[in-house]
Amino acid sequence: MPTLTLTFKDNTIATYRIEEGQSITIGRKASNNVPIENLAVSGHHAKIDSVGEGFLLTDLQSKNGSFVNKELVSSHWLKEGDNILIGKHTLIFAYDEGEQKPDELGGDMDQTMVMDTDKYRDMLAQAIPKAAKAEAKEPVGMLSYLAGGEGEIKLVKKLTKIGKSSTSDIVVGGLMMGATAATISKRPQGYSLSYVGGMTKPKVNGATVKESVTLKDFDQIEIGSVKLQFVSEK
Amino acid sequence: MIAIESAGITDVGQKRTGNEDSFYLDDDLKLYMVADGMGGHLAGEVASALVVDTIRDYMKRFKEEGDVEEMEDPDETLSKEANRLLSSINLANQGVHQVAQSNEDYKGMGSTVSAAFFTGDTMILANVGDSPIYLVHDGGIELLSVTHNVISEQMAINPEMAQKLDKRLQHMLTRGMGIEAAVEADVCEIQCFEGDILTISSDGLSDLVSPEEILDIVKAEPPVKACQTLVDLANERGGHDNITVIVIKINADNAKGGIMGMISRIMKKIFH
């Protein structure tokens, strides 16, 4: 099992062994497994949990933070030789010689698993600053008529059909118009317009679409007598 | 209408002793899927097989009998077929969840699922978890599934922060089949074209083979051979997980015969 060596200004103060299945607390108070008597250290500063084959360091929202190899961390999977700075003291994480270490990218987490939703939210709440905690919003595409109609059409459907058929989401007349002439689909990377059938092919910014094109903001779509402008809104 | 040429294989890889992946392909039903199971002992295999079987049976009934019970609240933003696929995924989720809840040996088991279903001239893609669906179209490759893991979810919110997260979190899924009583799949419906190639795989492939490499291989080789080349490549690079891949090629349907077919061909020539 790995050890933690507590040092202060190049002097080794103590060595602690971490056992599998064990949690170790680090802090100023004497009740910690690794007590560090220094005012720069919070009462309960950080902890190390044995998780699967690995060891996870978690900062317990300490006043001065925990640093691993000079980087501020909120949680960190410990590797051989990691240098953990708590206040002015350093803890060095090391495995015994010849001891089996979890793979660099391995450990238990190499196995795919699903995160417990509540635990996940809690963990993220700690790992990510509050300002960044906005939910990702999917942009919604919008078509506005430039000719052949009035108003706007919100592209909420995954597949919006344009054509002569009355079941189309956008009905466009014309002798050469296909029942479904074109479709606009919502993909993970954005919206795309595809030609489906009929003699009238759609045009985007004047260029005829033979198969499909990705739509960009302010693209002008022309199909038969109708002209539409595409914009995506956050 | 379209004609489809498809192939799929699964391989245990180099490190695992069992194969927890399941897959299904059916050119008549035009349904293709990959499920990557998780959970100790045999639970992962049970979960992924249950997911695939449930979806297959439901979609078969939908095609053959058409009298599958109506959905309670269909998603208005989707086509009827996409709603069907979604129902089958919901049903499969419930099935796995119930087995996991009622049987101590299967507690905590789950699976991913990525499915493609072709209708007329569109394809419907749906997924839960991190098994990628790629579309090769017009010389490019595009991810059509939404990756439900911690890293990808954070990338969408704050890319800078997400890059600092532990890379191992990419194996931490935020959604899975059978984990909770209900599940929300991501769905995408698009037009398909002659020459399009779709790949559905487990992360055992995509962790080791880049999208660009997939693109080059599926373009150069017919589906059966491409599947084998992709699996071999992942195995050469360590094969740390089970590897499953389906390759689907969209060909032109030349079977369109009769007078209407002839007229439409002539019309095309005149107006092209």
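**Briefing: strands and loops in chains A and B**

In chain B, 70% of the contacts with a separation of 6 or more are made by residues 24 or more positions apart. The model is predicted. Chain B holds eight helices and twelve strands, and 51% of its 272 residues are buried.

**Hairpin in chain B**

- Strand β2 of chain B covers residues 21–26, and five of its six residues are buried, so the strand is largely enclosed by the rest of the structure.
- β2(B) runs antiparallel to strand β3 of chain B (residues 31–38), and six bridges join the two.
- One of the residues paired across these strands is Y24(B), whose bridge partner in β3(B) is M33(B).
- The two strands, β2(B) and β3(B), form a hairpin with four residues between them.
- K30(B) lies in the turn of this hairpin and has a positive phi of about 60°.

**Open sheet in chain A**

- Six strands of chain A make up an open sheet with antiparallel pairing, in the order β14-β13-β23-β22-β19-β20.
- The edges are taken by β14 (152–155) and β20 (207–208) of chain A; each has a single partner strand, so one side of each is left without a neighbour in the sheet.
- L143(A) stands opposite F230(A), a residue of β23(A).

- Most residues other than glycine have a negative phi.
- Q61(A) is not a glycine, yet its phi is positive, near 50°.
- The position of Q61(A) is in the loop between β6 (54–59) and β7 (66–68) of chain A.
- Q61(A) is partly exposed because 13 other C-beta atoms lie within 10 Å, whereas a residue counts as exposed with 12 or fewer.
- N69(A), also not a glycine, has a positive phi of about 50°.
- The loop that contains N69(A) lies between β7 and β8 (71–73) of chain A.
- N69(A) has 12 C-beta neighbours inside 10 Å and therefore counts as exposed.

Terms used. Residues are numbered from 1 along each chain as its sequence is written. Chains are lettered from A and ligands numbered from 1 in the order in which they are written. This is a predicted model: local features need pLDDT of at least 70, side-chain atom pairs count only at pLDDT 80 or more; totals for chains, interfaces and linings use all residues. Two strands pair if DSSP finds at least two bridges between them. A residue is buried if 20 or more other C-beta atoms lie within 10 Å of its own, exposed if 12 or fewer, and partly exposed in between; C-beta atoms are placed from the backbone. Two residues are in contact if their C-beta atoms, placed from the backbone, lie within 7 Å.
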